Amino acid sequence: MAEVALQPHGVGATQAGRKRPSLRKTLKRKSTAAFLMTLPLIILIGLLVLYPAFYSLHLATLNKSMQRFIGLGNFEFLFKRETFWLVVKQSCIFAISAVLFKALIGFIVAHFVHNIPAKGQRKWRGMLLVPWVIPPAMSTLAWLWLFDPSYSAFNYTLSFFGIGPIAWTGDADWARFSVILVNVWYGAPFFMIMYLASLKSVPEQLYEAAAIDGANWWQRIWYVTLPMMRNIIAITTLFSLIVTFANFDIVRILTAGGPLDHTHIFATWAFRIGIEGSDIPLGASVSLFMVPILAIAAVFILRDVNKRGNEA
Amino acid sequence: MSTATIDKAAPTRTVKYGSMSRDRTWALRWSYFFLTLFAIFSLVPPIYMLITSLKSSAEISAATNPWWVFHPTLENYIGLLTSNQFLRFFWNSALVSIFVVTLTMLISVPAAFALARMRFWGSATLATGVFLTYLIPDSLLFIPLFKVFAMFGDWTGIQLINRWYVLLLIYPTLTVPFCTWIMIGYFASIPKELDEAAIIDGASWFQTLTRIFIPVAMPGIIAATIFAFTVSWAQFLYPLVFTTSTDQLVLPVGIITTLIKGDVFNWGQIMTGALLGAAPPLIIYAFLMDYYIAGLTAGATKG
């Protein structure tokens, strides 16, 4: 502010004469200043994101001791292994069903929160968002304890209904279910918040018009709410698809891929092979298989984000 | 819905009004009923953490009703908060998070300002690139990054692997892109007249940023800070890969690798540790919920 106050002395005297060069100077300064301001960002992304990303392409073509170039040998090896196809299948089941249930539960809960008087909404929203706030590594520990083979609190409760002890993390199918359940528990609040924000932006007049036309609640959701929320549903789902597909914490802590690799997904299997099995090139090849799905999702997200930008 | 019913049976208007409000009450009751169910579903794990953390090992292994504490005790809390190892994890986590938040804001606020206001060659591409970087997950980069840091250690003799400060270099790759992205959104929503006025008054670009943009976009900065803190506090994969010695571990990895010893699970202490690890984000959330939610929704809604 001091400069602003001082300025009139200097500028006032030679205002007309100085205008042109000082403008050019500002422009010149502007681009240099802008470049300097973004330089740390560019260095960070270049050195610690782009370089490793391309480096992993190179890594994937080396043999285990990383001394010999073997071309696509790692990929050939993976395609022949049964575990690899199991991981592919599980990753897809895991990501698709988890995202589907997260989106569905988020949608339903957002409607319930939207339904109740505005005064109480804050409290409910606050409670329902707690799963998203707790670090997933910490909350998965609580789930691990809830699923404990001998002390499971769920089995204790279910035994009153005559339902026999369930091997939550011991049986392959139940383990897959448990992993998905924890992921849904963790991720649904995010959908709920996003949908709630977008529900609030749907103009009330549209519902009134639909009601006058005799639309029932289902028609109002189908013809008013869903089209108005289409964009946000698409973006949220794609975001969540990326995050869920690349998930590591939950599977790692809950089952560590077991029983017998039946819950491994790309990230946990890549960790098992690359870090624990110290076959870095093979681990890098495994994680590279996430790229196509991530790229497709990213392209769609980008398209939607740009579209929203243009509309605004 | 209710209006439609009224139209059909106009003569019995008063009765229909009654049914309309009855419909509404029932819809409300159902809403509350299901919300309660979902709230229970959401809160069971954290509440169960709390219940277990108050039990002694003897009570846990006695397998009494798991949902109730018969002899509440603080021995787990006392045990952990007097253990140097656990305090070390907590300290490492706090140190890493605070440094990462500072670094993130120092990098992303000027960059977002430049990208939102000072159009220069390639700025639009760079903004899109920042957004794409945000979509690259940690599980794609941990293996090449591990190798890159191992090579760096071989070339320069500076050993970064298994040092807690290596996380200061890695975490910003997770926090900076998102924070830059939401700050671009916040800065872009500030009216152009404001900075034009400042420039005309003779303020430099740097002054425009510190005197006008940062104060005006304070809610966005708080939201970005909260985001950066939660991400660095909760990150699990990178510290698991990059740190192994017990004195270098951060909280989530520390709890999992040291409290789980082989097949012996000391669940009372594990749950206490998990609860203490979840406490900082929960406390921030409790006090700054609106900023937290603003940050959450801004990522996808700010175009």
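This is a predicted model: local features need pLDDT of at least 70, side-chain atom pairs count only at pLDDT 80 or more; totals for chains, interfaces and linings use all residues.
Helix H1 of chain A, residues 2-13, has the lowest mean pLDDT among the elements of the chain, at 39. Helix H7 of chain A, residues 136-146, has the highest, at 91. Chain A as a whole averages 81. In this chain, 88% of the residues score at least 70.

Now take the fold of chain A. Its secondary structure comes to 15 helices and 0 strands. The domain assignment gives two entries: domain 1 covers 11-59, and domain 2 covers 73-311. The C-alpha centres of these two domains of chain A lie 39 Å apart. Of the 312 residues in chain A, 40% are buried. Take the contacts in chain A between residues at least 6 apart in sequence: 66% of them join residues at least 24 apart.

Next comes the contact between the chains. Chain A puts in 86 residues, and chain B puts in 84 residues. On the side of chain A that touches chain B, helix H2 (residues 15-59) gives the most, with 18 residues. What kinds of residues make up that side of chain A? It divides into 68 nonpolar, 14 polar and 4 charged residues.

The nonpolar core is the next stop. The largest one has 168 residues. Helix H9 of chain A, residues 172-200, gives the most to this core, with 15 residues. Those with the most contacts inside the core come from both chains: A:Met192, B:Ala112, B:Phe113, B:Met183, B:Phe187 and B:Ala274. Not counting residues up to four places away in sequence, A:Met192 touches A:Gly106, A:Val109, A:Ala110 and A:Leu128. In soluble globular proteins, nonpolar side chains tend to be buried together.

In chain B, look at B:Tyr291. This residue is found in helix H16 of chain B, residues 289-301. Is B:Tyr291 buried or exposed? B:Tyr291 is buried, because 21 other C-beta atoms lie within 10 Å, and 20 or more are enough to count as buried. Leaving aside neighbours within four places in sequence, B:Tyr291 is in contact with B:Pro219, B:Ile222, B:Ala223 and B:Ile226. B:Tyr291 and B:Gly220 are 71 residues apart in sequence, but 7.8 Å apart in space, C-alpha to C-alpha.

A:Leu260 is one of them, in the loop between helix H12 (249-254) and helix H13 (266-276) of chain A. Phi of A:Leu260 is near 55°, a positive value in a residue other than glycine. A:Leu260 has 11 other C-beta atoms within 10 Å, so it is exposed; the limit for that class is 12 or fewer.

B:Asn162 is the other. It is found in the loop between helix H7 (138-156) and helix H8 (166-170) of chain B. B:Asn162 is not a glycine, yet its phi is positive, at about 70°. Why does B:Asn162 count as partly exposed? Because it has 15 C-beta neighbours inside 10 Å, a number in between the limits for exposed and buried.

Note on methods:
Residues are numbered from 1 along each chain as its sequence is written. Chains are lettered from A and ligands numbered from 1 in the order in which they are written. Two residues are in contact if their C-beta atoms, placed from the backbone, lie within 7 Å. Helices (H or I, at least four residues) and strands (E, at least two) are DSSP runs, numbered from the N terminus. Ala, Val, Leu, Ile, Met, Phe, Trp, Tyr, Cys and Pro count as nonpolar, Asp, Glu, Lys and Arg as charged, and the others, Gly among them, as polar. Domain bounds come from an automatic or database domain assignment. pLDDT is the predictor's confidence in each residue, from 0 to 100. A nonpolar core is a set of buried Ala, Val, Leu, Ile, Met, Phe, Trp, Tyr and Cys residues joined through C-beta atoms within 7 Å.
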